[in-house]
Amino acid sequence: MEKYVGYGYLVLVAIGYIITARRSRQKARVAGTSAVKAFANIALTFLAVFGLVGLIEVFVPPTLVERFLGADGSLLPLLAGGLAGSVAAGPPAAAYPIAASLLNSGAWAPAVAAFIVSWTLVGVVSLPFEAKTFGWRFAIARNGLSFLFALLIGVLMGVVL
Amino acid sequence: MKRALKFAASEFLLVIVVALYLLALFRDPARAGEAAVASVRTFLGVLPIIVAVFGALGLFGVWVDKKAVAERLGEGSGFGTLVLAALFGTVLVGPVYVVFPLLKVVREHGARWAVIGAVLTAWAVKIPMVPLEIGMLGLRFSLSRSLLVALSAIPLGLLLEAAMRGSERRNAQVIREGSSV
């Protein structure tokens with residue numbers, strides 16, 4: 001099923017572009033250019049992330065991943081996943097390949113979920129910018145609450161999966 | 001030289017990964033090759049989704065009328081506005097330096113803190129990227145995560161608002177006490 005998601009999505013997006021172009025060529029062109037630009041911005045990061053995935057697969061023994069992120073009956077792996085996701089700076093699309101390789105190496109699903117959620121929700125690197133925009137109290141409260149929610153969502157994922 | 005440093009700073013992950021590959025090549029060329037092959041295999045496996053994701057990001061950018069939604073979010077303050085904020089967040093695309101200033105404008109239009117918090121939380125759902133997540137982590141994982149994040153948007157927004165209200169009350173108190181002295 002997962003294999004066909006890509007092609008199905010591709011077809012859907014292509015249809016979206018055709019409909020958009022029929023309504024307004026200009027609009028479709030803007031969408032297309034911004035898509036290419038967004039990809040160009042992230043291309044080098046992708047190169048690095050997928051390169052890293054290969055390295056993890058070949059060089060990082062599953063026992064190591066299991067020791068830090070594997071289910072051990074405690075909430076420590078959850079905390080480790082959440083912290084790793086919080087300090088990681090990068091586009092969310094980069095989080096998925098890394099999370100997948102961790103999962104394949106035996107990481108505990110709730111820890112991986114906490115990793116992804118905190119990656120997208122908590123931004124330690126963008127904290128100064130957030131504080132400049134909304135004030136320090138907002139930035140710290142939002143990131144703190146988001147971190148707690150990332151752990152909570154991780155736990156709930158463990159129940160669901 | 002300066003440009004090279006700037007590049008290394010902005011693409012530090014790439015620099016690290018290249019360094020790791022060089023190290024691996026030096027110590028164990030066969031396995032370094034294996035790693036490179038595994039990387040390419042993984043990348044090719046999700047390439048169609050990646051192309052679709054970026055195409056979709058472009059479409060969302062032109063179809064979601066950010067300004068119109070921003071104005072509506074500033075006007076209302078009921079539960080419906082919070083729901084709209086959460087929905088808006090799930091289709092909102094863009095980097096931090098676009099989204100934060102946009103929400104600052106929403107706040108200046110009179111939106112509650114809970115609205116800002118709900119948008120920022122739901123922003124983590126990233127609907128255009130969900131198919132990529134499904135491709136790499138599976139349908140169940142991806143849909144559960146997206147749903148749980150979306151459901152968290154309003155509670156997190158309200159808690160955030162409570163945290164902000166505390167500060168505003170204290171500030172008001174400080175001002176009152178200051179004036180009575």
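This is a predicted model: local features need pLDDT of at least 70, side-chain atom pairs count only at pLDDT 80 or more; totals for chains, interfaces and linings use all residues.
Trainee: How many helices and strands does the secondary structure of chain A come to?
Mentor: Chain A has 8 helices and 0 strands.

Trainee: And what does the C-alpha trace of chain A span along its principal axes?
Mentor: About 55 × 45 × 30 Å.

Trainee: How much of chain A is made up of buried residues?
Mentor: Chain A has 161 residues, and 49% of them are buried.

Trainee: Let's do salt bridges. How many does the structure hold over all chains?
Mentor: There are 6 salt bridges, counted over all chains.

Trainee: Start with chain A. Which side chain meets Glu130(A) in a salt bridge?
Mentor: That of Arg142(A), with N to O at 2.5 Å. This pair ties together distant parts of the chain, 12 residues apart. Glu130(A) sits in helix α7, residues 127–134 of chain A, and Arg142(A) in helix α8, residues 136–160 of chain A.

Trainee: Are Glu130(A) and Arg142(A) buried or exposed?
Mentor: Buried, both Glu130(A) and Arg142(A).

Trainee: Now chain B. What does Arg145(B) form a salt bridge with?
Mentor: Glu133(B), and the closest N and O atoms are 2.7 Å apart. Here too the pair links distant parts of the chain: Arg145(B) is in helix α9 of chain B, Glu133(B) is in helix α8 of chain B, and they lie 12 residues apart. Arg145(B) and Glu133(B) are buried.

Trainee: Which residues are joined into one network by salt bridges that share partners?
Mentor: Arg112(B), Glu161(B) and Arg165(B).

Trainee: Within that, how far apart are the closest N and O atoms of Glu161(B) and Arg112(B)?
Mentor: They are 2.9 Å apart, in a salt bridge. The two residues are 49 residues apart and link distant parts of the chain. Glu161(B) is in helix α9, residues 139–180 of chain B, while Arg112(B) is in the loop between α6 (96–108) and α7 of chain B.

Trainee: Why does Glu161(B) count as buried?
Mentor: Because its relative accessibility is 8%, and the cut-off for buried is under 20%. Arg112(B), at 23% relative accessibility, counts as partly exposed.

Trainee: On to helix packing. At what angle do α3 and α8 of chain B pack?
Mentor: About 165°, with the axes 9 Å apart. Helix α3 covers residues 29–63 of chain B, and helix α8 covers residues 130–137 of chain B. So α3(B) and α8(B) are roughly antiparallel to each other. The crossing of α3(B) past α8(B) is right-handed.

Trainee: Give me a C-alpha distance there. What separates Gly45(B) and Met136(B)?
Mentor: Their C-alpha atoms are separated by 9.1 Å, though the two are 91 residues apart along the chain. Gly45(B) has its place in helix α3 of chain B. At 54% relative accessibility, Gly45(B) counts as exposed.

Trainee: Then across chains. How do α2(A) and α3(B) cross?
Mentor: At roughly 155°, their axes coming within 7 Å. That makes α2(A) roughly antiparallel to α3(B). Helix α2 of chain A runs over residues 25–59. The crossing of α2(A) past α3(B) is right-handed.

Trainee: Is Lys126(B) buried or exposed?
Mentor: Buried, since its relative accessibility is 11%.

Trainee: Last topic, the surface. Which residues make the nonpolar surface patch?
Mentor: Phe12(B), Ile16(B), Leu20(B) and Leu23(B) make a patch of about 360 Å². Leu20(B) lies in helix α2, residues 12–27 of chain B. With a relative accessible area of 35%, Leu20(B) is partly exposed.

Terms used
Residues are numbered from 1 along each chain as its sequence is written. Chains are lettered from A and ligands numbered from 1 in the order in which they are written. Side-chain values use heavy atoms; hydrogens and water are left out. Patches are made of residues with over 30% relative accessible area and no salt bridge: like charges are joined within 9 Å, nonpolar side chains (Val, Leu, Ile, Met, Phe, Trp, Tyr) within 5 Å. Accessible areas come from the Shrake-Rupley method with a 1.4 Å probe; for residues, only the protein chains shown count as cover. A salt bridge is a side-chain nitrogen of Lys or Arg within 4 Å of a carboxyl oxygen of Asp or Glu. Helices (H or I, at least four residues) and strands (E, at least two) are DSSP runs, numbered from the N terminus. Buried means under 20% relative accessible area, exposed over 50%, partly exposed in between (1.4 Å probe, protein chains only). Axes are lines fitted to C-alpha atoms, for helices over the stretch in contact, and angles run from 0 to 180 degrees between N-to-C directions. Angles under 35 degrees count as roughly parallel, over 145 as roughly antiparallel, 65 to 115 as roughly perpendicular and the rest as oblique. A crossing is left-handed if the near helix is turned anticlockwise from the far one by less than a right angle, and right-handed if clockwise.
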